Amino acid sequence: MSELTTLLSSGGSVFEIFAGLLVLHLVYQRIRASVKVYLLDFTCYRAPDSNRVPMSTLIETIYLDDKLDQESIDFQARILERSWLSNQTSIPPSLMEIPLKKSLSAVKIETMTTIFTSVEDLLKKNKLSPRSIDILITNCSLHSPSPSLSAMVINKFHMRSNIKSFNLSGMGCAAGILSVGLANDLLKVHRDSLALIVSTEALNTHWYIGKDRSMLLTNCLFRMGAAAVLMSSNDYDRGNAKYELLHVVRKNKAKDDRAYRCIYQDIDSDEKQGVSITKDVISVAGDMLKMNLTSLGPLVLPYLEQFQYVIQHILCKKLKIYESSSSYTPNFKTAFEHFCIHTGGRAVIQAMEMNLNLTKVDIEPSKMTLHRFGNTSSSSIWYALSYLEAKRRMKKGDRVLQIAFGSGFKCNSAVWRCIREVEPNTENKWLDFIDSYPVDVPDSTNIRTG
């Protein structure tokens, strides 16, 4: 740095100054790359049994609320019957009232309950003072109050005045990994820091009470949940950490109208607000998955696997074979021992199973998470990882892929390496009933609609 200062003051040539700046940039990038980021711990929210909503009860509540016609009620019943959801999933009490109660006060109670409980559990479990947190990131797609959710957390836990806080909204179910990516960047710049991520979704805000089928889907899939995650860039924390972050890959296709509108908050023909999910979503998700894995593959796949893929791609192009069935799909099981797929729904998990040639064991964490907790949006990948820990499957050296899709349209992935044997603790929300899992999830069930 002193040599560059001398060069500038002595009127060095433009080339010499540029060369000096380039060297500084390379040194900075090398130092930044050498900073390791760890996942110390995380907790997931489990609603009390009083919030449990059996599918038949949900359909009965919708029927008694008298806002929908029988055709719309029957449509939701058919979706629920094939959803893979169990009768153990939860929604806020406000959505079980008759008439249904949608209000700002109700959604505040919902978010405070899920967020505060998750953070309290995490801090207590790790014997941490809230004032030790240097970076705070909250994400909730459809509820963005003022003051923000991050300010709400700071106020509740009396965090420091110089904490670096961020609130992400409108980023969809992929926001959990997006938050990990943001925390990773911040922790590498602000070394020896602690970052707290809180991921949740507010159901009361976007619970749809109209008749548009594309908007009724969200009522059938989304359920109450949240996760709090603690990350660090302090080398002294490695001994207490569970995982080391290896890669984060983010891809979006918002420039494409079809992708942009396949998950879209809007109003229906009766001026009722909801989030529509179009039939294009699975096709768009498939395209986004390819984009993400194309970038992720060279970072994680063994060289032999990459070589086979390149050779196959060249042969297909030379022979003008374009059918997807003829193309070679890299074996990502050579790169990962475990997969935590966003529980966006049955179709999402089945598409991942097919596209990546995964086994029933590979999709088990996500399938069981969808069955027990439903689609908890951006926090679902943490429920899946918690399942793996409760099953005592995470061993030192194991690599796990977290991957999620979200509106925009986005596909984000994070790769972690387990750096010690992980034993489930009393705060693991699966622990009470993990011995009964995996369970047989029927492809279809029957719901009495009266």
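Q: Leaving aside its neighbours within four places in sequence, which residues is tryptophan 382 in contact with?
A: This is a predicted model: local features need pLDDT of at least 70, side-chain atom pairs count only at pLDDT 80 or more, and totals for chains, interfaces and linings use all residues. Residues are numbered from 1 along each chain as its sequence is written, and side-chain values use heavy atoms, with hydrogens and water left out. Contact means heavy atoms within 4.5 Å. Neighbours within four places aside, tryptophan 382 is in contact with Leu39, Phe42, Cys44, Val180, Ala227, Val229, Gln402 and Trp416.

Q: Which residues touch the most other members of the largest nonpolar core?
A: A nonpolar core is a set of buried Ala, Val, Leu, Ile, Met, Phe, Trp, Tyr and Cys residues joined through side-chain atoms within 4.5 Å. Buried means under 20% relative accessible area, exposed over 50%, and partly exposed in between (1.4 Å probe, protein chains only). The largest core has 105 residues. Those touching the most other members are Met231, Trp382, Leu385 and Trp416.

Q: How many residues are in the other core, which has Tyr38, Val107, Met159 and Ala241 among them?
A: In soluble globular proteins, nonpolar side chains tend to be buried together. Here another core lies apart from the largest one. Tyr38, Val107, Met159 and Ala241 are among its members, and its count is 25 residues.

Q: How many residues of strand S10 are buried?
A: Strands (E, at least two residues) and helices (H or I, at least four) are DSSP runs, numbered from the N terminus. Strand S10 covers residues 399-406 and is largely enclosed by the rest of the structure, because its buried residues number seven of the eight.

Q: In which sense do S10 and strand S11 pair?
A: Two strands pair if DSSP finds at least two bridges between them. Strand S9 (residues 338-341) pairs with S10 in the parallel sense over four bridges, with histidine 338 opposite valine 400. S11 spans residues 410-418, and its alanine 414 stands opposite glutamine 402. Over eight bridges, S10 and S11 pair in the sense called antiparallel.

Q: Which residue in the turn of the S10 and S11 hairpin has a positive phi?
A: Three residues lie between the two strands of this hairpin. The phi in question is about 135°, and the residue is glycine 408.

Q: The side chain of serine 232 reaches the backbone nitrogen of which residue?
A: Serine 232 is found in strand S5 (residues 226-232) and, at 0% relative accessibility, counts as buried. Residues up to four places away aside, serine 232 touches Lys36, Val37, Tyr38, Leu40, Leu187, Ser193, Leu194 and Asp237. At 3.0 Å, its side chain reaches the backbone nitrogen of asparagine 234.

Q: What covers the buried residues of helix H9?
A: H9 runs over residues 213-221, and seven of its nine residues are buried. They are Met215, Leu216, Leu217, Thr218, Asn219, Cys220 and Leu221. The cover includes helix H3 (55-65), helix H4 (70-81), helix H8 (203-206), strand S7 (263-267) and strand S8 (273-277).

Q: Is histidine 206 buried or exposed?
A: Histidine 206 is found in helix H8. Neighbours within four places aside, histidine 206 is in contact with Lys102, Leu142, Glu201, Thr218, Asn219, Phe222 and Val275. With a relative accessible area of 5%, histidine 206 is buried.

Q: What is the angle between the planes of tyrosine 260 and tyrosine 264?
A: Rings of Phe, Tyr and Trp (its six-membered ring) pair if their centres lie within 6.5 Å; planes under 30 degrees apart count as stacked, over 60 as edge-to-face and the rest as tilted. The structure holds 13 such pairs. Tyrosine 260 is partly exposed at 39%, and tyrosine 264 is partly exposed at 22%. Their pair is edge-to-face, 5.8 Å centre to centre, with an angle between the planes of 70°.

Q: How far apart are the ring centres of phenylalanine 373 and tyrosine 383?
A: Phenylalanine 373 lies in helix H14 (residues 360-373) and tyrosine 383 in helix H15 (residues 380-390). Phenylalanine 373 is buried, with a relative accessible area of 5%, and tyrosine 383 is buried at 1%. The planes stand at 50°, so the pair is tilted, and the distance between the centres is 4.8 Å.

Q: What percentage of the 450 residues of the protein count as buried?
A: The protein has 15 helices and eleven strands. Among contacts between residues at least 6 apart in sequence, 79% join residues at least 24 apart. Of the 450 residues, the buried share is 52%.

How values were computed:
A polar contact is a pair of N or O atoms within 3.5 Å; within protein, one must be able to donate a hydrogen and the other to accept it, and residues adjacent in sequence count only if both atoms are side-chain atoms.
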